[in-house]
Amino acid sequence: MNLPIFPLKLIVFPGEQVNLHVFEERYRELFNDLRSDENLFFGIPPVINNEIHPVGTRLKLLQIVKEYESGEMDVITEGMDVFTIEDLQTNFVNKTYAGAKVELMEDDPAYDIIKFEQLQDHYEEFQSLLTQRKEIKNVNPNKYSFQIAHYSGLSEEQKIALLATPSENERQEIMIAHFKKIMPSMQHIQETQRRIVANGHFKNLHSFNFNKPG
């Protein structure tokens, strides 16, 4: 299929809502087209090291929140599914914005209930070590790995690998392995932070009692 694309330094996961400020004229044209045709979708392939990555996310326009006199706009979008790029197009049909010939990736949403519960426990423990917690609202077990990916300390490369994994069962394994690897160091850092904070406090300590009966 042919799909309009909006390359950005951004990794979007299926089910994720993304707020965008659209200022380039060609992409303002894209969102005006999206507004007028509810059957038109667009893709965000991540731009990594100044190159368009061949795996991206197809999105739909949910709402144009604000339009400015300049023509710029604030929009809310939502990730739908994952695609791979077969061929880039400088212009989509006769439009000013880019496009691509893409193939949608078939996703297996089946998940393991035991792994799902383990993953929830790992995520909760990980979040408990952070100063700012991110609670997941409307938990979806079929997409839970995607729901927590941005808040789990994954690198850009790990996020791309997760996006390209077409099975929630496999994604569960990736995320569980990730938490098992980083949690010990996270706990060590938190304990170190506690000691540093404690060293800065005024302490009310009892001195050694030299007169203690033997």
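Student: How many helices and strands are there in the protein chain?
Tutor: In this predicted model, the protein chain holds five helices and eight strands, and from the N terminus on the elements run β-β-α-β-β-β-β-β-β-α-α-α-α.

Student: Why is the pair of F31 and F42 called edge-to-face?
Tutor: The search of the whole structure finds nine aromatic pairs. For F31 and F42 the ring centres lie 5.2 Å apart, which is within the 6.5 Å limit, and the planes stand at 65°, which is over 60 degrees, so the pair is edge-to-face.

Student: Which parts does the pair of F31 and F42 tie together?
Tutor: F31 lies in helix α1 (residues 25-36) and F42 in strand β3 (residues 42-44), so the pair ties together parts that are 11 residues apart in sequence.

Student: How do you know whether F31 is buried or exposed?
Tutor: Its relative accessible area is 0%, and because buried means under 20%, F31 counts as buried; F42, also with 0%, is buried by that cut-off.

Student: What makes the pair of F92 and Y97 stacked?
Tutor: Here the centres are 6.0 Å apart, again within 6.5 Å, and the planes are at 20°, under 30 degrees, so the pair of F92 and Y97 is stacked. Both F92 and Y97 are buried.

Student: Which residues do ring pairs link into a cluster?
Tutor: The cluster consists of F6, Y27, F31 and F42, linked by ring pairs.

Conventions
Residues numbered from 1 in each chain as written. Predicted model: local features only at pLDDT ≥ 70, side-chain atom pairs only at ≥ 80, totals over all residues. Heavy atoms only, no water. Helix = DSSP H or I, 4+ residues; strand = E, 2+ residues; numbered from the N terminus. Buried < 20%, exposed > 50% of the residue type's maximum accessible area, 1.4 Å probe, protein only.
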